[in-house]
Amino acid sequence: PVGISAEEEAAILKSLKLPVGFEATLFAAPPTVDCPVFVAAAPDGTLYVSSDRNGSLGRNAKQGRILRLRDADGDGRCDEATTFVADVDSPRGLVVDGNTVYVLHPPHISAYTDKDGDGISDEERILVKNVGWTFKDRPADHGSNGLELGIDGWIYAAIGDFGFMEAEGVDGRKLQCRGGGVVRVRPD
């Protein structure tokens, strides 16, 4: 993988304990990928990884990013890495749909689109705002922390036990979720 020596890779793989019949390979490692939080795969095998240097308790702004990782030569290892989205707070959930990556990064759910195919987002559309808390109120722990695209075409968000008070969609609808739960939103 990009940025790691053969010796470092061997040490990482040696530290793993796998069930009988399983094999591990290393696709990507630090410094290419650091502080991973969530992984989503595109149908072509491209991986999107959210990274957050704050962990779950830090409150420093712009410590998160979304990486796009590709195996361009087909050897099962990352050899192309780009920062798809830089400087995003608390990127917690990812869904890939074509050239758009939906990201839950409290307090928002955004759609980031790569229009020119260079692996870097060219556009952000906030679909739902205030579906979580800002750093002023609390860190990312127990917050809004996951996204999935359902077979019904809706995006489902896992909401931690702190919930949210007044989320608002681009259509002006508002929703409150006191405590944890699962909410859904249309991709548009």
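The structure is a predicted model, in which local features need pLDDT of at least 70 and side-chain atom pairs count only at pLDDT 80 or more, while totals for chains, interfaces and linings use all residues. Residues are numbered from 1 along each chain as its sequence is written, and side-chain values use heavy atoms, with hydrogens and water left out.

Leucine 18 is partly exposed, because its relative accessible area is 43%. This leucine sits in the loop between helix 1 (6-14) and strand 1 (36-41). Helices (H or I, at least four residues) and strands (E, at least two) are DSSP runs numbered from the N terminus. Together with Leu16 and Phe22, Leu18 makes up a nonpolar patch on the surface, with about 310 Å² of accessible area together. Such patches are made of residues with over 30% relative accessible area and no salt bridge; nonpolar side chains (Val, Leu, Ile, Met, Phe, Trp, Tyr) are joined within 5 Å, and like charges within 9 Å. Accessible areas come from the Shrake-Rupley method with a 1.4 Å probe, and for residues only the protein chains shown count as cover.

The loop between helix 1 and strand 1 also holds proline 31. A cis peptide bond, with omega of about 5°, joins proline 30 and proline 31. Cysteine 35 belongs to the loop between helix 1 and strand 1 as well, and has a positive phi of about 55° although it is not a glycine. Its relative accessibility is 35%, so cysteine 35 counts as partly exposed.

Proline 106 and proline 107 are joined by a cis peptide bond with omega of about 20°. Proline 107 is placed in the loop between strand 6 (100-105) and strand 7 (108-113). Serine 90, in the loop between strand 4 (80-88) and strand 5 (93-97), has a positive phi of about 45° although it is not a glycine. Serine 90 is buried, because its relative accessible area is 5%.

Valine 128 is part of strand 8. With a relative accessible area of 9%, valine 128 is buried.

The largest pocket has a volume of about 410 Å³. Of the 19 residues in its lining, the closest to the pocket centre are Gly169, Asp171, Arg184, Val185 and Arg186. Pockets and cavities are found on a 1 Å grid over the protein atoms alone: a cavity is a set of points where a 1.4 Å probe fits but cannot get out, a pocket is an open set with protein on both sides within 12 Å along at least five of seven lines, and lining residues have an atom within 4 Å of a point. Grid points are joined across faces, edges and corners, and a volume is the space filled by probe spheres set on the points. At least two lining residues each come from strand 8 (123-129), strand 11 (164-169), strand 12 (174-177) and strand 13 (181-185). Strand 11 gives the most, with four residues. By class, the lining of the largest pocket has 11 nonpolar, one polar and seven charged residues. In this grouping Ala, Val, Leu, Ile, Met, Phe, Trp, Tyr, Cys and Pro count as nonpolar, Asp, Glu, Lys and Arg as charged, and the others, Gly among them, as polar.

A salt bridge is a side-chain nitrogen of Lys or Arg within 4 Å of a carboxyl oxygen of Asp or Glu. By this rule there are 11 salt bridges. One of them links the side chains of aspartate 152 and arginine 184 (3.6 Å, N to O). Aspartate 152 lies in the loop between strand 9 (144-149) and strand 10 (155-159) and arginine 184 in strand 13, so this pair ties together parts that are 32 residues apart in sequence. Aspartate 152 is partly exposed at 38% relative accessibility, and arginine 184 is partly exposed at 44%. Arginine 173 forms a salt bridge with aspartate 171, the closest N and O atoms being 3.4 Å apart; both of these residues, arginine 173 and aspartate 171, are exposed.

Notes
Buried means under 20% relative accessible area, exposed over 50%, partly exposed in between (1.4 Å probe, protein chains only).
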